Amino acid sequence: MAQSLAMQALLKSLSYLPLSALHTLATVVAKLLYLIKPDFIRVIDINLQRCLPDLDPAARQKWVKANVIETVKTFFELAAIWYWPVAKVLAQVKYIDNETLLQQALQKNTGVILLSPHLGAWELAGLYFGQRLSLISLYKPPKLAALEPMIKQARQRSRGRLVPTNAQGIRQIFSALRQGQCVGLLPDQAPKDNGVFAPFFHQPASTMTLVGKLARKTGATVLFTFMQRLPNSQGFRLRYQSVDADINAADLAQAAGALNRGLESCIAQCPKQYLWAYKRFKHSPQGQRDCYQKPLKIYGLRQWPTAIALGLLWTITRLPYRGQRAVGRVLGDMAYHLARRRRVIAQTNIALCFPEKTAAEQADLLKKHFQSLGMGLIEIALAWWGSDQKLAGLGKIEGLAHLHTALAQGHGVILLSAHLNAMELGLRCLTQQVKIHISYRPHENPLIEHHMQRSRNFHAEQAIARDNVRQMVRSLKHNKPLWFAADQNFGHKGHVFAPFFNILAATNTAASRLAKIAGCPVLPFIVQRHEAGYRVRLLPPLADFSGDLQADASAMNRMIETAVAETPEQYLWVHRRFKDRPNGEARLY
């Protein structure tokens, strides 16, 4: 009750101010909030990243700041909407666009469904239609129960009627439409149980199905409407907009898609006035993580061992290059004796892939491989923290002409790589010459992920999570080189079985699919360590990459085999490359 009274007193006091003063005060408060960075600003940023990915970080932050201002204006406008005389409030609606859409819908006498998204001054829209049309609206009590009396009293100032968001309320909505009346709904909520997933700015969003059901069963006309805030506190513009005919589709997902397309069209007219602070994607399709989940505290107590290890690696990168290699070999020898499980995996892989080698040769290759792993660990640290000057003399890049020729076609390029131990350092060397986009798999350790992302975002033009296929396609469509490593086994989904050293291996088909969608060439990207430094090679495009998933997987594996055969100790043999087996085959590990 105290919170309700305090809020009521605040808004009542603010109601003595003109609209321009309310907006000025809202702007000041918004700028302070932007500096403090409460959690809703993080949500705005996440939503803008998902829905408007073409914005670069600097531009996105300008949008975030502008949206915070518009969001706070929405709150301060409540003082006027809830406490000014109704006639004075409605006088702030200066322009009305496409009102004939409403008039034509009313003449049909089959009912009208007005969809008013969280765009501009949506509380003013509710008051306006309550006065003009005796609107019937669904009402859900706020989470903070103490605020309900104030909100309900304010919304009942209009001639409209509020009905609850339960079965009884839905029945009243159906009845009103069948009598030719108008009902109002908020179309951009994220239902937990009674929705379907439909694209919203190309992202799967839980979307209400009620609108489609109402329209199909009653024959009511569906219109979007919103109150756009005019610049310089000049008032508001009421806009009407028709809806895609698919809103009447019997298929709920199809109807939900039409709903979201209409919503996107409304938002496009004043995008900075949309409520981006709402967690529109809080319900995700099965298997996808919550995009609003707060990041872990990477320097918490649990991360101290990792932090100490990373600190030691950073220190090692300050040593002369020969010293770094020597330390790497020592670390590899230690891992050979301590990491028994990984040693057995590598031993199995080497025996499967090099059956022609004697037992002694295989054992020698296994030891050299662990030494290479140790050096690879140092090379990752060097890629993260080494200076451009230090790396300039280590990496020799060959075949840049192949990349430039491929980019001249204008369809982007896939740089297809293999998990050779110096891969990360080779990428860093390439970024000194070419702006590239990198596909990556997030690391399970948040502190390692933090440093990996920080390095890749700093040195590469863009780092893209491996499940963000839409962004990969966009990068290729924008004629960007996209680095991609596809030689790891993460399950049957999106894989085919193709020979790798004459053993069937589950092989990722993403490179083939991306190349087919974008129409881009695929260039092998190979990084190998030698005595004086690193050989970074860009090979000619794969001629036998056809779009056939099985054939492309085989071609990719042949390319990797050729690279591995040159420096076999440098391949990632500790990975269970043959973990998944065709149906009926026995496990190899």
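Guide: Let's start with ring pairs: rings of Phe, Tyr and Trp (its six-membered ring) pair if their centres lie within 6.5 Å, and planes under 30 degrees apart count as stacked, over 60 as edge-to-face and the rest as tilted. The structure holds 17 aromatic pairs. Keep in mind that this is a predicted model, where local features need pLDDT of at least 70 and side-chain atom pairs count only at pLDDT 80 or more, while totals for chains, interfaces and linings use all residues. Residues are numbered from 1 along each chain as its sequence is written, and side-chain values use heavy atoms, with hydrogens and water left out.

Visitor: Why is the pair of Phe354 and Phe501 called tilted?

Guide: Their ring centres are 5.3 Å apart, and the planes meet at 55 degrees, so the pair is tilted. The two partners come from distant parts of the chain, 147 residues apart: Phe354 is in the loop between α14 (340-353) and α15 (359-385), and Phe501 is in the loop between β15 (495-500) and β16 (503-508). Those helices (H or I, at least four residues) and strands (E, at least two) are DSSP runs, numbered from the N terminus.

Visitor: What makes Phe354 count as buried?

Guide: Buried means under 20% relative accessible area, exposed over 50%, partly exposed in between (1.4 Å probe, protein chains only). Phe354 has 6% relative accessibility, so it counts as buried. Phe501 is buried too, at 11%.

Visitor: And why are Phe500 and Phe578 a tilted pair?

Guide: Here the centres are 6.2 Å apart and the planes lie at 40 degrees, so this pair is tilted. Phe500 sits in strand β15 and Phe578 in the segment after α22 (549-566), 78 residues apart. Phe500 has a relative accessible area of 1%, so it's buried, and Phe578, with 0%, is buried as well.

Visitor: Which residues do ring pairs link into a cluster?

Guide: Phe354, Phe500, Phe501, Tyr571, Trp573 and Phe578.

Visitor: How do you know that the charged end of Lys357 sits over the ring of Phe354?

Guide: A charge sits over a ring if NZ of Lys or CZ of Arg is within 6 Å of the ring centre and within 35 degrees of the ring normal. The charged end of Lys357 is 5.5 Å from the centre of the Phe354 ring. Lys88 lies over the face of Trp84 in turn, at 4.1 Å from the ring centre.

Visitor: Which residues touch the most other members of the largest nonpolar core?

Guide: Ile113, Phe129, Phe200 and Met227, out of 93 residues. Such a core is a set of buried Ala, Val, Leu, Ile, Met, Phe, Trp, Tyr and Cys residues joined through side-chain atoms within 4.5 Å. Helix α4 (residues 57-83) gives the most to this core, with eleven residues.
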